[in-house]
Amino acid sequence: MIYRITYNSKRQKLATRVKDREEFLALRNSKANLANLEKARQGDDAAKKKLEQFAYNMGHVDGLIAGCKSIGSYFFHDIDCYDKEQSEAICKQILEKKDEIDSARRDGF
């Protein structure tokens, strides 16, 4: 399940389930989000903070995240790359460890 992360008026983080692929793509590909993404890629920290936030590894949450004890069944790691070459190098490095990662997953790690 994918959750959209937003903030309430008290600046508390909220999680709202994204209903389907269409909703996810509409949020991710909105005009405002794509404009902020372009600015963020140019180093604009304020624009980066305005990007849509998604969580892919949460359990069943609907509302406040603080105090949530639900455990998600997914794992991911966010890696910031600064250019295409670095992105391709990281991708190659991860794919070279695919069997090792898969083995650890099967062993329960």
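**Sheet, core and cysteines: a walk through the model**

Strands β2 and β4 pair in the antiparallel sense, over 2 bridges. Two strands count as paired if DSSP finds at least two bridges between them. Strands here are DSSP runs of E, at least two residues, and helices are runs of H or I, at least four residues, numbered from the N terminus. In this pairing, A15 stands opposite G63 in β4.

A word on the source. This is a predicted model, where local features need pLDDT of at least 70, side-chain atom pairs count only at pLDDT 80 or more, and totals for chains, interfaces and linings use all residues. Residues are numbered from 1 along each chain as its sequence is written, and side-chain values use heavy atoms, with hydrogens and water left out.

Back to the sheet. It is open, with 4 strands in the order β3-β1-β2-β4, and the pairing is antiparallel. β3 and β4 (63-64) are the edge strands, each pairing on one side only. In general, strands of a sheet pair through backbone hydrogen bonds, either parallel or antiparallel.

Now the other pairings. β1 and β2 are joined antiparallel over 5 bridges. There, T6 has L14 in β2 as its bridge partner. Strand β1 (residues 3-7) also pairs with β3, antiparallel, over 3 bridges. R4 has F54 in β3 as its bridge partner.

Look at the hairpin of β1 and β2. It has 5 residues between the strands, and R11 takes a positive phi near 65°. R11 also lies over the face of Y7, 4.2 Å from the ring centre. The rule for that: NZ of Lys or CZ of Arg within 6 Å of the ring centre and within 35 degrees of the ring normal.

Next, aromatics. Rings of Phe, Tyr and Trp (its six-membered ring) pair if their centres lie within 6.5 Å; planes under 30 degrees apart are stacked, over 60 edge-to-face, the rest tilted. The count is 1 aromatic pair. Why is the pair of F24 and F54 edge-to-face? Because the planes of F24 and F54 are at 65°, with ring centres 4.9 Å apart. F24 is in helix α1 (residues 21-28) and F54 in strand β3 (residues 53-55), 30 residues apart. Both are buried. Buried means under 20% relative accessible area, exposed over 50%, partly exposed in between (1.4 Å probe, protein chains only).

V18 sits in the loop between β2 (13-17) and α1. V18 is buried, at 7% relative accessible area. Beyond its neighbours within four places in sequence, its contacts (heavy atoms within 4.5 Å) include F24 and F54. I2 is another of the V18 contacts. V18 and I2 are 16 residues apart in sequence, yet 5.6 Å apart C-alpha to C-alpha.

Then the core. A nonpolar core is a set of buried Ala, Val, Leu, Ile, Met, Phe, Trp, Tyr and Cys residues joined through side-chain atoms within 4.5 Å. The largest one has 5 residues: Y3, I5, A15, A55 and M58. Not counting residues up to four places away in sequence, I5 touches A15, A55 and M58, among others.

Last, cysteines. How many disulfides are there? The count is 0, with sulfur atoms required within 2.5 Å. The sulfur of C81 is 9.1 Å from the closest cysteine sulfur, in C91, so a bond is out of reach. C81 is partly exposed, at 30% relative accessibility. C91 is partly exposed as well, at 41% relative accessible area.
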